[in-house]
Amino acid sequence: MRTVFRKEIKYLIPRGTALSLERRLREVMERDTHGDDGNYFIRSQYYDSVYDRDLADNLDGLYEKRKIRLRIYDLDTSMVKLEYKCKNGLDGVKYSMDISREEALQMEQGDISFLLDYDNELAMHLWARMTEGYYRPKIIVDYHRLAFAYPAGDVRITFDRDIRGSVCPYGLFEEISTDGIGGPEEVLMEVKYTDFLPDTLQWILKDADSLAASNSKYSRTRMLCR
């Protein structure tokens, strides 16, 4: 089980602004080691209770928000990340563990009994929460990400493009039909840091401060893909 604590700020910005920021960040930040020169594909399958408890908390603007998802970076992968993300204001913590492709398919069909075979707190918590709330897949979200990393402050800045969602939440490892979320000129930038955001990066990002917004891919996609 892995635990990551970070502050997280999201910005919905025009493509032109994103390209300008990317050029400036390349001068001071490293490309993420994942993917092709920091570029990679992400697919997330989000789960929610029978009464959409997590979606309601997001839409109601509650201070505390929770999300459960499966995440992959390749449709042919044999390993899947099971993630539980909790956020209080700007402060977030993400718990994650690796499960097999076969276990992910079981989970997609409503069978989470395999979690009882794992000896960790996350598996036990998710089993209890998902069983009590009768959690099932609700939506699949695809997008392409460009990521930068900066050692001081443990900073990651990501740019997500071509965000698409599927009305049918099944088919985690399949080619599925998706609809675009937002316009083609829209980019979601996320700034994440553990300790502090260095002055150099604050100066580069200052022009985007007015564009900071609460923006949940899960909630937004659910509302637009009804």
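Reader: Which residues form a nonpolar patch on the surface?

Author: Happy to start there: in this predicted model, Val 50, Tyr 51 and Tyr 134 form that patch, and together they have about 400 Å² of accessible area. Tyr 134 sits in the loop between H4 and E7.

Reader: What makes these three count as a patch?

Author: Patch members need over 30% relative accessible area and no salt bridge, and nonpolar side chains are joined within 5 Å. Val 50, Tyr 51 and Tyr 134 are grouped as a nonpolar patch on that basis.

Reader: Let's move to strand E7. Why is Asp 142 called buried?

Author: Buried means under 20% relative accessible area. Asp 142, which lies in E7, has 9% relative accessibility, so it counts as buried.

Reader: How do you know that the side chain of Asp 142 makes a polar contact with the side chain of Arg 43?

Author: The cut-off for a pair of N or O atoms is 3.5 Å, and the value here is 2.7 Å, so the pair falls within it. Beyond its neighbours within four places in sequence, Asp 142 is in contact with residues including Phe 41, Asp 162, Arg 164 and Thr 178.

Reader: And helix H3: which of its residues are buried?

Author: Glu 103, Ala 104, Met 107 and Glu 108 are the buried ones.

Reader: What puts them on the same side of H3?

Author: They cover an arc of only 145° around the axis, so they share one side of the helix. An α-helix has 3.6 residues a turn, so residues three or four places apart point the same way. The buried residues of H3 pack against several elements, among them strand E3, helix H4 and strand E7.

Definitions and conventions. Residues are numbered from 1 along each chain as its sequence is written. This is a predicted model: local features need pLDDT of at least 70, side-chain atom pairs count only at pLDDT 80 or more; totals for chains, interfaces and linings use all residues. Side-chain values use heavy atoms; hydrogens and water are left out. Buried means under 20% relative accessible area, exposed over 50%, partly exposed in between (1.4 Å probe, protein chains only). Helices (H or I, at least four residues) and strands (E, at least two) are DSSP runs, numbered from the N terminus. The arc is that of the directions from the helix axis to the C-beta atoms. Contact means heavy atoms within 4.5 Å. A polar contact is a pair of N or O atoms within 3.5 Å; within protein, one must be able to donate a hydrogen and the other to accept it, and residues adjacent in sequence count only if both atoms are side-chain atoms. Patches are made of residues with over 30% relative accessible area and no salt bridge: like charges are joined within 9 Å, nonpolar side chains (Val, Leu, Ile, Met, Phe, Trp, Tyr) within 5 Å. Accessible areas come from the Shrake-Rupley method with a 1.4 Å probe; for residues, only the protein chains shown count as cover. A salt bridge is a side-chain nitrogen of Lys or Arg within 4 Å of a carboxyl oxygen of Asp or Glu.
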